[in-house]
Amino acid sequence: MTAGTGNDVVAKVAAALRNNGDRMTASRRAVVEVLLHEPGHMSAEQVAAAAAHVHRSSVYRALETLTGLGFVQHVHLGHGSTAYHLISHTGPHLHAQCRSCGTVYDLPGPLLDAVARRLDQELGFHLEAHHVALSGTCADCTTRAA
């Protein structure tokens, strides 16, 4: 989980990679640094554009590795796009996206815990709500439409 300065985050990722018998490559470091310094949720294409010196396929592989290690969270947004961001020290969280303006909002991780428990108890269904954004209309768009 990412807490601390940029150097702390890079060091934590490097340590986790070493613990898995892997190493901090230049492309992985570049992806971490892009996600540290660019605000919000970024598509893989946006990460690749910001890390212009890294080959696109290396960006995709780095995002996959960092997601697997628990440092990056991906969320599927409307119309099939996927966004990435560093996970904070509180862990993965939920997202909501305004279907009108496209703004993505971070929501508290445990917000749907009661729903997840009920689905598990009643259906044996294990909800993974942090992988998809809830869709709706934000307050600004609702006000403008009124």
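# Close-up views of a predicted chain

Among contacts in the chain between residues at least 6 apart in sequence, 51% join residues at least 24 apart. The model is predicted. The legends below go from the whole chain to single residues.

View 1. From the N terminus on, the order of elements is α-α-α-α-β-β-β-β-α-β-α. The C-alpha atoms fill a box of roughly 50 × 40 × 30 Å along the principal axes. The chain has 146 residues, and 35% of them count as buried.

**View 2. Confidence across the chain has a mean pLDDT of 92.** A pLDDT of 70 or more is reached by 97% of the residues. Helix 4 has the highest confidence, at 97. The lowest is in helix 1 (residues 6-19), at a mean of 92.

**View 3. Helix 2 meets helix 4.** Helix 2 covers residues 26-37, and helix 4 covers residues 56-68. Their axes come within 9 Å. The crossing angle is roughly 75°. Angles of 65 to 115 degrees count as roughly perpendicular, so helix 2 and helix 4 are roughly perpendicular to each other. Helix 2 brings Ser27, Arg28, Val31, Val32 and Leu35 to the contact. Helix 4 brings Ser58, Val59, Ala62, Leu63, Thr65 and Leu66. By class, seven residues of this contact are nonpolar, three are polar and one is charged.

**View 4. Strand 1 and strand 2 form a hairpin.** Strand 1 spans residues 72-76, and strand 2 spans residues 82-86. The two run antiparallel and are joined by five bridges. Val72 stands opposite Leu86. Val75 has Ala83 as its bridge partner. Five residues lie between the strands of the hairpin. In this hairpin, His79 takes a positive phi near 60°.

**View 5. Strand 1 and strand 2, buried or exposed?** Four of the five residues of strand 1 are buried, so strand 1 is largely enclosed by the rest of the structure. Strand 2 is mostly covered, with four of its five residues buried.

**View 6. Strand 3 pairs with strand 5 in the parallel sense.** Strand 3 runs over residues 94-98. Four bridges link strand 3 to strand 5. Ala96 stands opposite Leu134 of strand 5. In a regular strand the side chains alternate between the two faces of the sheet.

**View 7. Leu134 sits in strand 5.** How accessible is Leu134? Its relative accessibility is 40%, so Leu134 counts as partly exposed. Leaving aside neighbours within four places in sequence, Leu134 is in contact with His95, Ala96, Gln97, Leu107 and Leu112. Leu134 and Tyr105 are 29 residues apart in sequence. In space, C-alpha to C-alpha, Leu134 and Tyr105 are 9.5 Å apart.

**View 8. His93 lies in the loop between strand 2 and strand 3.** Which residues does His93 touch? Not counting residues up to four places away in sequence, His93 touches His41, Gln73, His85, Asp106, Leu107, Gly109 and His130. His93 and Val9 are 84 residues apart in sequence. Their C-alpha atoms are 19 Å apart in space.

Terms used:
Residues are numbered from 1 along each chain as its sequence is written. This is a predicted model: local features need pLDDT of at least 70, side-chain atom pairs count only at pLDDT 80 or more; totals for chains, interfaces and linings use all residues. Side-chain values use heavy atoms; hydrogens and water are left out. Axes are lines fitted to C-alpha atoms, for helices over the stretch in contact, and angles run from 0 to 180 degrees between N-to-C directions. Angles under 35 degrees count as roughly parallel, over 145 as roughly antiparallel, 65 to 115 as roughly perpendicular and the rest as oblique. Contact means heavy atoms within 4.5 Å. Ala, Val, Leu, Ile, Met, Phe, Trp, Tyr, Cys and Pro count as nonpolar, Asp, Glu, Lys and Arg as charged, and the others, Gly among them, as polar. Buried means under 20% relative accessible area, exposed over 50%, partly exposed in between (1.4 Å probe, protein chains only). Two strands pair if DSSP finds at least two bridges between them. pLDDT is the predictor's confidence in each residue, from 0 to 100.
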